[in-house]
2 protein chains.
Amino acid sequence: MKRRLLLVSNSTLHGSGYLEHCQQQIKDFFGNDVKRVLFVPYALHDRDAYAKTARDKFKSLGYEVDSIHEASDPVEAVRKAESIFIGGGNTFRLLKCLYDNQVVTEIRKRVLEDGVPYMGSSAGTNVSTISINTTNDMPIVYPPTFSAIGLVPFNINPHYLDTDPNSRHMGETREQRITQYLEEPDTPCVLALREGCMLLVEGDKATLLGSTKARLFIREKPTVEYETGSDLSFLLTDRL
Amino acid sequence: MKRRLLLVSNSTLHGSGYLEHCQQQIKDFFGNDVKRVLFVPYALHDRDAYAKTARDKFKSLGYEVDSIHEASDPVEAVRKAESIFIGGGNTFRLLKCLYDNQVVTEIRKRVLEDGVPYMGSSAGTNVSTISINTTNDMPIVYPPTFSAIGLVPFNINPHYLDTDPNSRHMGETREQRITQYLEEPDTPCVLALREGCMLLVEGDKATLLGSTKARLFIREKPTVEYETGSDLSFLLTDRL
């Protein structure tokens, strides 16, 4: 399988600029062969402003950005794309818009069959997985399904947040929310990516990158912590 | 309209027991005429344990609890109910299960036409409104729609949390999430209930109760803070 993915937890890390914390990994990922990146700004309301933000950042790294919202035919834009980047925002709005524009199947095909490099951050990481069931976002619109692009066979929880023992807030912790998901039948495992880390997938090999650890939730098993550099390839093959 | 609702932000307030912070309002709401409460535990996985928690608490307040999950015919249980209480947990699981058991329409009819008192807390408050679009929960299952029981014509965000200026977490704040909802077309206003407050609705009169303030979000207008005791009846009549 030609699949190449860079799935980033968060677009901005506290105290640094947009995509600054992962810019070395972005350059390593797209490399020198890719010249143009197809950007998908569907997760935010102001797509023009969002495309400008992405364009400015990628230009500084040596890549030109085409935004899918400026294309007359979004499916054709995906067919021609050298590489794809789906940015963060609201995951429900993003997924609905991907279906409304009929690009879900085409993106899957391009990435899995043609080897087009795919980068996602935050909501763009959520939609790359099997489903959006483990997004943190508010369900502001109703997508036709929670099934997503399916570039990997498990779920990711981006922006993973450890429980704050001093909090007085009584809403569920992130750990409780993911545990509730795993109470449902036939749910796959959930890779919880703390802000600062990301998953690199190359074919059947998956590696944790970045500055923070990830936590893996599996049904009816204790959670496991993984350090930067960990080989997580087993997530791609086994059904855990 | 006979409608009587007690819509509580949170089931447990930091430092106190289950429903302890609102027990006086519960007694005032159900009064002496109601003897039995139909409890809906669908938002949590372990319904038996959840029903026991609710049963113990309501017994201490002088009410008997029948749990809908113990009824052979849930619709019939709603038809016979003297009063209804839907507890918190995961809003998606709750709404899906209400539809699966075909009780959404029956609850609406009983409350709006027959004047059966309805209490909700957290997820039980979300499903009482026009839709679950402003829940904080993780979308662990896919309900057939986000439209909910519709006992009031607006949205509520329970467990409302003010932005923490010292946070280093880069996920969207609650304010940003609600603002994203209001960017979508034709969205109604959102009453954000901080933990500790609740909305009492009696016919066409709505009053804020409890120990904390509420914040009202309206499309393209500044938000407004409301103190305990505020008359919020305008939410029931005007489309804001």
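Which residues do ring pairs link into a cluster? They are F29(A), F30(A), F39(A), Y50(A), F58(A), Y63(A) and F85(A). Rings of Phe, Tyr and Trp (its six-membered ring) are taken to pair if their centres lie within 6.5 Å; planes under 30 degrees apart count as stacked, over 60 as edge-to-face and the rest as tilted.

## Basis of the report

This is a predicted model, in which local features need pLDDT of at least 70 and side-chain atom pairs count only at pLDDT 80 or more, whereas totals for chains, interfaces and linings use all residues. Residues are numbered from 1 along each chain as its sequence is written, chains are lettered from A and ligands numbered from 1 in the order in which they are written, and side-chain values use heavy atoms, with hydrogens and water left out.

## Relation of the two chains

The same surface serves both copies, since 100% of the contact residues of chain B recur in chain A; contact means heavy atoms within 4.5 Å.

## Aromatic pairs within and between chains

Over all chains, the count comes to 25 aromatic pairs. In one of them, the ring centres of F92(A) and F146(A) are 5.9 Å apart and the planes stand at 75°, so the pair is edge-to-face. This pair links distant parts of the chain: F92(A) belongs to helix α4 (residues 91–100) of chain A, and F146(A) to the loop between α6 (123–126) and β6 (155–160) of chain A, 54 residues apart. Helices (H or I, at least four residues) and strands (E, at least two) are DSSP runs, numbered from the N terminus.

F92(A) counts as buried at 0% relative accessibility, and F146(A) counts as buried at 3%. Buried means under 20% relative accessible area, exposed over 50%, and partly exposed in between (1.4 Å probe, protein chains only). F92(A) also pairs with F146(B): the centres are 6.3 Å apart and the planes at 70°, so this pair is edge-to-face. The pair crosses between chains, from helix α4 of chain A to the loop between α6 (123–126) and β6 (155–160) of chain B. F146(B) counts as buried at 3% relative accessibility.

## Cysteines

The structure holds zero disulfides over all chains, a disulfide being a pair of cysteine sulfur atoms within 2.5 Å. C197(A) is in no disulfide, and the nearest cysteine sulfur, that of C22(A), is 11 Å away. C197(A) counts as buried at 0% relative accessibility, and C97(A) counts as buried at 10%.

In chain A, four strands form an open sheet in the order β6-β7-β10-β11, with mixed pairing. The edge strands β6 and β11 (224–226) of chain A each pair on one side only. Neighbouring strands of this sheet are turned by 25° against each other on average, direction ignored. Two strands pair if DSSP finds at least two bridges between them. Strands β7 (residues 190–194) and β10 (residues 214–217) of chain A run antiparallel and are joined by four bridges, with A192(A) opposite R215(A).

Helix α7 (residues 174–183) of chain A lies across β6, β7 and β10 of chain A and runs at about 170° to β6(A). Axes are lines fitted to C-alpha atoms, for helices over the stretch in contact, and angles run from 0 to 180 degrees between N-to-C directions. In chain B, the buried residues of helix α7 are R174(B), R177(B), I178(B), Q180(B), Y181(B) and L182(B). These residues of α7(B) pack against α4 of chain A together with β6, β7 (190–194) and β10 (214–217) of chain B.

In chain B, seven strands form an open sheet of mixed pairing in the order β3-β2-β4-β5-β1-β8-β9. Its edge strands, β3 (64–67) and β9 (205–210) of chain B, each pair on one side only, and the twist averages 20° from one strand to the next. Strands β1 (residues 4–8) and β5 (residues 118–121) of chain B run parallel and are joined by four bridges; L6(B) stands opposite M119(B). Helix α1 (residues 23–30) of chain B lies across β1, β4 (84–86), β5, β8 (197–202) and β9 of chain B, at about 170° to β1(B).

In chain A, strands β8 (residues 197–202) and β9 (residues 205–210) pair in the antiparallel sense over six bridges, and M198(A) stands opposite L209(A). β8(A) and β9(A) form a hairpin with two residues between them, and G203(A) in the turn has a positive phi of about 65°.
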